[in-house]
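The paragraphs below proceed from the contacts between chains to the ligand site, and then to single residues.

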Amino acid sequence: MKPFEYVKPNTLAEAISALDAGGEDARALSGGTDLIVQMRAGRNVVGNVIDVKGVTETNVISHSKKDGLTIGSSVPCYRIYNDEGIKKTYAGLVDSVSIIGGTGIQGRASLGGNLCNAAPSGDGIQSLIILGAVANVEGPNGARQIATEDFCTAPGQNALNPGELLVSLSVPEPESNAGAHYLRFIPRNEMDIAVVGVGASVVLDAEKKSIVSARISLASVAPTPLFVEAAGDALKGTEIASDSVEKAAIFAQEAARPIDDMRGTADYRLHLVGVLTKRALKVAIERAENQ
Amino acid sequence: MATTTTVEQKTTEKVIGTRPIRHDGVDKVTGRAIYGADINLPKMLHVKILRSPHAHARIVSIDTKQALDIPGVKAVITGEDLPEPPSQMQNLGEGAANLRFLSDNAMARTKALYKGHAVAAVAATELYIAEEALSAIKVTWEILPAVLDTESAMAEGAPLVHDDLPQRPMEGDQAPPPNVARYFRFNIGDTQQAFEESDTVVEREFRTQMVHQGYIEPQTATALWKEDESLTIWCSSQGHFNVRDQTSNILQIPVSSIKVIPLEIGGGFGGKIGSTIYPVISLLSKKAGVPVKYSMTRAEVFEGTGPGSGTHMRVKIGAMKTGKITAVDVSLSYEAGAYPGSSVASGCQNMFSPYVIENAFIEGFDVIVNKPKTAAYRAPGTPQAAYAGESIIDEVAESIGMDPIDFRLLNVAEEDDSRVDGTKHRVIGAKETLEAIKNHPHYKSPLNGPNQGRGVAIGYWGNAGMTSSCSLIVNGDGTVNLVEGSVDIGGTRTAIAMHAAEVLGIPAEDIHPVVADTESVGMTSITAGSRTAFASGWAAYEAAQGVLKELIERAATVFETTPDQVVHEDGTFRSVSDNDKKLTFKELAGRLQRVGGPVIGQATITPRGVGTAFGADIVDVEVDPETGKVQVLRVTAAQDVGRAIHPSYVEGQIQGGVAQGIGWALNEEYVFNDEGVMQNPGFLDYRMPTSLDLPMIEAVLVEKRNPGHPYGARGVGEVPIVPVMASVANAVYRATGVRYQALPMSPGNIIAGLTQKDH
Amino acid sequence: MAKLHVETTINGESTEILVDPQQSLLETLRDGLMLTGAKEGCNDGNCGACTVIMDGRTVNSCLVLGAEAQDADITTIEGLATPRGLHPLQQAFLENAALQCGICTPGFLISSKSLLDSNPNPSEEEVRFWLAGNLCRCTGYDKIVRAVLDAAKEMKAGN
Ligand SMILES: Cc1cc2nc3c(=O)[nH]c(=O)nc-3n(C[C@H](O)[C@H](O)[C@H](O)COP(=O)(O)OP(=O)(O)OC[C@H]3O[C@@H](n4cnc5c(N)ncnc54)[C@H](O)[C@@H]3O)c2cc1C
Ligand code: FES
Ligand code: FES
């Protein structure tokens with residue numbers, strides 16, 4: 001690896017000023033499971049590594065009915081899926097964080113890093129999108145919020161300005177009768193990058209007969225994670241017993257813009273979008289029914 | 001779980017067949033064992049190698065000046081620094097390689113022949129400085145058209161990878177196609193007539209991709225060229241004598257000036273037999289005057305070492321309604337990589353060796369392509385051919401409505417039957433191995449759902465003998481030091497020690513095995529060809545016989561009698577005439593100093609009684625028809641092991657071979673782009689099975705003793721991979737109705753096959 | 001660039017080290033502290049040969065900076081056995097012949113220890129899931145999984 005400067009600030013203000021001072025050359029470090037790999041491969045030339053794990057705000061998990069869930073950007077996956085409150089209320093999120101890498105990776109990898117890395121295949125990003133999460137960002141010019149579906153702008157590119165830090169992620173408290181599921185397809189059973197991933201969330205009416213609202217998001221079928229509003233809209237107001245799930249799958253396929261690469265051909269990926277959208281919705285609906 | 005089926009019940013041994021804890025075990029579970037990369041020497045430099053970014057390109061110029069100017073850079077070499085080799089053949093054990101090609105593969109001189117081909121190397125005080133120096137080396141390339149598969153390489157007018165490839169004419173003075181380095185042919189009987197008389201004839205084409213052995217320890221070595229022109233190499237190879245001889249040949253320095261010290265090795269599977277790195281680091285050390293260490297990155301392992309061949313195979317087979325195979329007609333083309341020497345000949349010889357076939361035409365092409373030079377990989381060349389052969393056998397059996405095991409049993413080869421290459425089988429257990437799977441409860445058990453299927457297949461491997469040396473030294477406390485020359489990749493220290501312990505009548509634990517360097521033990525060939533426990537074990541057996549003879553003489557002195565009046569039983573020496581006169585092994589050892597001094601024994605052998613091996617599998621799979629994913633549910637692997645010296649490590653070889661075969665069957669492949677650049681040179685996208693991808697693997701040990709070994713052992717390491725891809729393919733067929741004739745059967749390919757079937 | 005001074009605890013001993021910022025924890029352990037039990041198989045998080053326990057969790061030490069070890073509590077394979085003898089997992093690996101070449105073994109032992117620390121009674125499926133980040137090319141995992149299940153039993157009986 002090429003030499004660089006390493007600092008570990010203790011406060012948010014210090015972290016922001018270090019990032020700001022480093023400019024283009026500086027990068028925040030959370031779990032390092034993307035950043036260190038990329039730096040070692042020479043794909044990411046970094047002069048200043050700012051380890052943000054010492055900042056209190058990036059390490060919190062807080063959860064209340066009123067404010068929903070807040071997860072610090074550096075909180076590693078294992079802390080998320082071991083949290084009883086999250087397990088109970090945010091099953092869709094647990095789906096994602098428990099499949100990122102293996103147990104060793106999950107000891108470091110963060111949801112914030114997954115989002116900032118902005119890979120089209122990022123498993124964590126999809127769950128954030130379907131759960132309507134927002135990114136809490138702070139920089140030299142103050143704080144702002146970015147909807148997670150707007151956060152990734154191109155492969156490896158995000159909406160942060162130079163000097164800005166992702167502090168945490170806020171996930172709203174789910175409505176009653178809501179359910180969510182994320183699943184991906186990989187050739188092995190673990191340790192793989194999604195060939196295609198689909199996240200789906202639904203809210204059912206009081207009778208649990210029809211769908212009030214739904215969100216669908218796709219991994220690895222476009223340059224960024226793909227929030228498919230049309231597919232969710234297609235489900236609005238439809239009965240769960242109807243063929244609306246099939247229709248949503250077709251909308252998802254229409255939105256997908258996959259390419260051929262070594263992980264799968266475009267045709268195969270389109271096929272998988274259909275299969276996985278139906279599977280994701282089925283589980284999301286079941287979870288909502290069991291609420 | 002594992003079961004052992006003994007074909008002939010004659011077991012009297014006390015140590016052979018037991019499961020002692022391996023001698024190097026504690027070092028390996030505590031992290032103390034020293035592997036290739038674990039060595040650190042004072043003033044040691046770190047090496048980086050500049051590799052060709054192109055699959056085929058002429059080196060117009062290389063400028064290393066700027067790299068040498070970087071502070072911390074101590075030496076830089078290019079192909080020019082290697083001595084010009086004479087064109088001479090050198091025996092590399094598994095496959096011969098021309099020395100010139102070997103030398104060129106170590107470092108390109110005029111042309112790079114594959115992406116990853118070494119063109120320059122740097123030694124520097126820090127790894128990152130060496131890395132920086134690589135980017136300061138300026139190479140001017142003239143990019144040439146590349147050939148990337150056997151069909152385009154052999155097409156008329158194809159670009160030539162070598163301008164001066166020595167080509168021998170094929171049968172009938174016909175010139176071979178372009179880029180064909182060698183052509184093989186076996187022809188017996190009259191295939192044409194036999195096909196005409198057959199009730200059924202099936203003809204199919206098969207394709208497989210390049211695959212890697214996937215050893216977890218990257219190739220690594222350390223070299224020190226001293227002021228007196230002597231060279232020491234520390235390495236983790238499959239044979240340090242081979243490293244010594246190869247380095248001596250390429251650098252044209254005497255073998256006596258080279259000492260090679262074997263460190264522990266983190267897997268090899270054939271891939272660490274020949275390596276290109278030793279001459280390179282030796283020359284760097286010579287220039288720098290201090291030790292240098294080189295460890296490959298994982299990407300370099302994929303792109304810069306020898307993988308297993310990709311293939312294109314055409315197979316035609318005929319059979320009678322009764323189930324008798326009438327004839328086969330086969331053409332195999334194997335990628336050699338950038339230099340001659342794929343294992344296609346082994347594929348030709350072995351693919352139908354489980355059967356009696358009277359009419360056969362089998363030809364093989366060794367084809368040069370712009371990809372890494374292939375190397376041995378577990379039963380080199382045979383798993384690919386067996387995949388084709390055993391898939392088509394399955395199809396024929398089905399077409400005449402026979403059970404696939406019964407069909408195989410009907411045609412199975414036994415002692416004295418001839419193989420297609422004319423060699424007669426010795427005592428073999430093909431039939432017993434097939435019966436073991438036929439009679440196994442697994443074969444009779446029902447499948448548990450739709451989209452599931454069960455497949456079977458059998459495989460053959462010839463095994464090797466080669467040369468092994470061993471010496472034994474009896475210690476005063478009754479223990480014995482065993483010095484051997486076989487690198488231990490999977491518990492062979494213990495298997496070898498057990499041979500000596502059995503002869504001497506002492507526990508395996510009382511033997512202390514050591515793998516010694518090239519100056520401390522007699523020449524010992526590579527750990528490969530499934531030969532190590534068989535041949536080095538046998539050397540230990542012979543050395544122990546010598547020790548025993550000497551000990552009997554010493555006991556005679558103690559008993560004041562003649563050696564013919566002393567018997568040795570279960571580690572006790574006893575006077576025949578006087579029952580009170582007896583000494584345990586330990587007691588006698590304690591007295592040796594007084595009756596003539598220490599006792600040593602040594603042996604070097606080149607055994608002939610190699611026992612060939614058969615393995616047969618039952619594999620159950622479930623295929624997700626929507627995603628194309630294949631999950632292996634259950635595997636039973638039976639194998640004729642002759643006699644299991646240490647059953648746990650025999651089972652381990654079988655389980656490991658099956659796991660590699662499943663990886664090859666389902667997901668593993670080199671993916672190249674159109675420019676010949678590998679797209680997946682890492683463990684993320686070269687998908688080897690994880691623990692979550694596999695079930696328990698039941699090994700069934702069939703023991704049909706090999707009369708060519710003192711305890712009946714056969715080599716066990718390689719054959720278990722041979723039948724796996726075919727068994728999986730046959731199972732996938734029964735689950736989906738599609739015969740997949742290309743590997744890997746990755747999810748995308750499965751869906752493509754299912755889609756085609758529906759149209 | 002200036003070296004960083006790092007204070008950390010390794011296998012129960014507080015340790016001071018100087019590291020280059022770009023040095024990984026794996027390099028720090030192997031080259032700086034001569035603790036060569038953790039191995040490099042891929043250097044990108046995909047093989048698990050470099051696994052160590054850091055503050056109670058397994059991590060791939062090739063993806064941690066040496067500098068990040070500041071104030072951490074680290075257990076490597078060298079810290080698994082005690083003067084009283086081998087850890088039950090080590091013993092079970094030996095008895096089950098759960099290693100062939102042995103290069104993956106330190107990583108498997110460390111991952112297995114962290115599994116049993118958090119789940120003393122795992123099912124076969126749980127063992128396979130937990131160990132999926134550790135590649136072994138020699139054994140087919142069968143004997144490794146059995147060894148972990150055996151060690152779990154042994155440890156329960158011993159308690
Ligand atoms: C073996 C292996 C397996 C993997 N498997 C998966 C998988 O299955 N699914 C998957 O989605 N990913 C996978 N990944 C990728 C990676 O682990 C995840 O993307 C992980 O969530 C990244 O988190 P991190 O904390 O390690 O990020 P880091 O590597 O620390 O950072 C990633 C990026 O985000 C930036 N960043 C980090 N924190 C902040 C912050 N607070 N503010 C601004 N920018 C920040 C960094 O500068 C960097 O550009 C795998 C990686 C490896 C090595
Ligand atoms: S070396 Fe760290 S995971 Fe492979
Ligand atoms: S024992 Fe060799 S890799 Fe696991």
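How much area do chain C and chain B bury between them? In this predicted model, the two chains bury about 4,200 Å² between them, and 58% of that area lies on carbon and sulfur atoms. Chain C brings 46 residues to the contact, and chain B brings 53 residues.

Between chain C and chain B, the count is 23 residue pairs in polar contact, with both residues at pLDDT 80 or more. On the side of chain C that touches chain B, the elements that give two or more residues are helices H1 (25–32), H2 (88–95), H3 (105–118), H4 (124–130) and H5 (142–158) of chain C. The largest share of this side, five residues, comes from H2(C). Sorted by class, the side of chain C that touches chain B has 21 nonpolar, twelve polar and 13 charged residues.

Charged residues can also be considered in pairs. Side chains that carry opposite charges can pair when their charged atoms come close. Between chain C and chain B, four salt bridges are counted. B:Asp38 and C:Lys39 form a salt bridge in which the closest N and O atoms are 2.4 Å apart.

We turn next to the contact of chain B with chain A. Here 22 residues come from chain B and 18 residues from chain A. Together the two chains bury about 1,900 Å², with 55% of it on carbon and sulfur atoms. Three residues, B:Glu626, B:Lys629 and B:Arg687, supply 27% of the area that chain B buries against chain A, which is more than any other three residues supply.

How many salt bridges are found across the interface of chain B and chain A? The rule finds four salt bridges there. A:Arg279 forms a salt bridge with B:Asp624, and their closest N and O atoms are 2.9 Å apart. Across this interface of chain B and chain A there are also 15 residue pairs in polar contact, both residues being at pLDDT 80 or more. The elements that give two or more residues to the side of chain B that touches chain A are helix H4 (127–136) and helix H20 (747–758) of chain B. H20(B) gives the largest share of that side, three residues. By class, the residues of the side of chain B that touches chain A divide into eight nonpolar, seven polar and seven charged.

The ligand site comes next. Why is the site of ligand 1 described as shared between chains? Residues from chains A and C surround ligand 1, and therefore the site is shared between chains. There are 34 residues around ligand 1, of which A:Ala28, A:Thr33, A:Asp34, A:Ser110 and A:Asp123 come nearest. The shell around ligand 1 divides into 14 nonpolar, 13 polar and seven charged residues.

Several backbone atoms of chain A lie close to oxygen atoms of the ligand. A polar backbone atom of A:Ser30 is 2.8 Å from an oxygen atom of ligand 1. For A:Gly32, a polar backbone atom is likewise 2.8 Å from an oxygen atom of ligand 1. A polar backbone atom of A:Ile99 is 3.3 Å from an oxygen atom of ligand 1. On its own, ligand 1 has 970 Å² of accessible area, and the protein covers 94% of it. The elements that give two or more residues to the shell around ligand 1 are strand S2 (26–29), helix H7 (111–117) and strand S10 (165–171) of chain A. H7(A) gives the most to this shell, with four residues.

Finally, we consider some individual features of chain B. Over all chains, the structure holds 73 salt bridges. One of them joins the side chains of B:Glu335 and B:Lys371, at 2.9 Å from N to O. This pair links distant parts of the chain, 36 residues apart: B:Glu335 is in strand S17 (residues 325–337) of chain B, and B:Lys371 is in the loop between strand S18 (359–368) and helix H11 (382–399) of chain B.

Two features concern the backbone. The peptide bond from B:Leu743 to B:Pro744 is cis, with omega near -5°. B:Pro744 is in the loop between helix H19 (724–736) and H20 of chain B. B:Asp570, a residue other than glycine, has a positive phi, near 50°. The loop that holds B:Asp570 runs between strand S23 (566–569) and strand S24 (572–575) of chain B.

Note on methods
Residues numbered from 1 in each chain as written. Chains lettered and ligands numbered in written order. Predicted model: local features only at pLDDT ≥ 70, side-chain atom pairs only at ≥ 80, totals over all residues. Heavy atoms only, no water. Contact = heavy atoms within 4.5 Å. Buried area = accessible area lost by both parts, 1.4 Å probe. Polar contact = N/O pair within 3.5 Å; in protein donor to acceptor, adjacent residues only side chain to side chain. Nonpolar A, V, L, I, M, F, W, Y, C, P; charged D, E, K, R; others polar. Near = heavy atom within 4 Å. Areas by Shrake-Rupley, 256 points an atom, 1.4 Å probe, with all protein chains shown as cover.
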